[in-house]
Amino acid sequence: NLWSDEQCRQHGIEPSIQKSLVIDQMKNLIQPNDLPMIERSIAEIIEQGGYAELEYRIVGSRGVRWVYSRGQLIRQDGRPTRLIGINMDITERRILEDKLRELTRTLEQRVEQEVAAREVAQARLAHAQKIQSIGELTGGVAHDFNNLLTVITGTIDTLAEGVADRPQLAAIARMIGSAAERGTKLTSNLLAFARK
């Protein structure tokens, strides 16, 4: 395997020392998790011909780096003889892609949280509007009821004086007066609820 100076540098090898690597030396540079994929791709290209494109990681003196590799098989007399191609260091691109994926993921989470918060706020607003409507209705009913009670309480004293000499009718007048007092307390409670 003959490598260019740049390919040697990408893999953390001093170009002036070694430009040819044996298969085992190459395998030692590749991230172990990526090696099976590379071996499968090379086997496929040898069997079927054509070219292959891969992205894989190498481990060298510069740490873990991502490499894009595109290679084409050369045959001579029907036998595979060489694999020629290019390698490009795409570490920065992969880092940016990972950052973009993470940004997209967190953005989606933030959007979900914002939507959930708005739904909660809308539910609270709808509940508050219902309570306000109930309060307004209650206040209106209480005022109307209070107007009726004013007529009843205003006339009960006159009625009680008129039937004071008739015990049965006087008892009925007292019952009406008690009911009017309970109605007044109920109206007061309804108005307090409406104000809340």
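Here is a short chat about a sheet, a helix beside it and a surface patch in this predicted model.

Visitor: What order do the strands of the open sheet have, and how do they pair?
Guide: The order is 1-2-3 for the 3 strands, and the pairing is antiparallel.

Visitor: Okay, which strands stand at the edges?
Guide: Strand 1 (51-60) and strand 3 (79-89). Each has a single partner strand, so one side of each is left without a neighbour in the sheet.

Visitor: How many degrees are neighbouring strands turned against each other?
Guide: On average 35 degrees, direction ignored.

Visitor: And how many bridges join strand 1 and strand 2?
Guide: Those two pair over 10 bridges, in the antiparallel sense, with strand 2 covering residues 63-76. To pick out one spot, Ile58 has Arg65 in strand 2 as its bridge partner.

Visitor: Which helix packs on the sheet?
Guide: That's helix 4, residues 91-162. Helix 4 touches strand 1, strand 2 and strand 3, and its direction makes about 120 degrees with that of strand 2.

Visitor: Switching topic: which residues form the nonpolar patch on the surface?
Guide: Ile152, Leu159, Leu169, Ile172 and Ile176, with about 370 Å² of accessible area together.

Visitor: Which helices supply them?
Guide: Helix 4 and helix 5 (167-195) each supply at least two of the patch residues. Helix 5 gives the largest share, 3 residues.

Visitor: Where is Leu159 found?
Guide: Look in helix 4 for that one.

Terms used:
Residues numbered from 1 in each chain as written. Predicted model: local features only at pLDDT ≥ 70, side-chain atom pairs only at ≥ 80, totals over all residues. Heavy atoms only, no water. Pairing = 2+ DSSP bridges. Helix = DSSP H or I, 4+ residues; strand = E, 2+ residues; numbered from the N terminus. Axes fitted to C-alpha atoms, helices over the stretch in contact; angles between N-to-C directions. Contact = heavy atoms within 4.5 Å. Patch = residues over 30% accessible without salt bridge, like charges linked within 9 Å, V, L, I, M, F, W, Y side chains within 5 Å. Areas by Shrake-Rupley, 256 points an atom, 1.4 Å probe, with all protein chains shown as cover. Salt bridge = Lys/Arg side-chain N within 4 Å of Asp/Glu carboxyl O.
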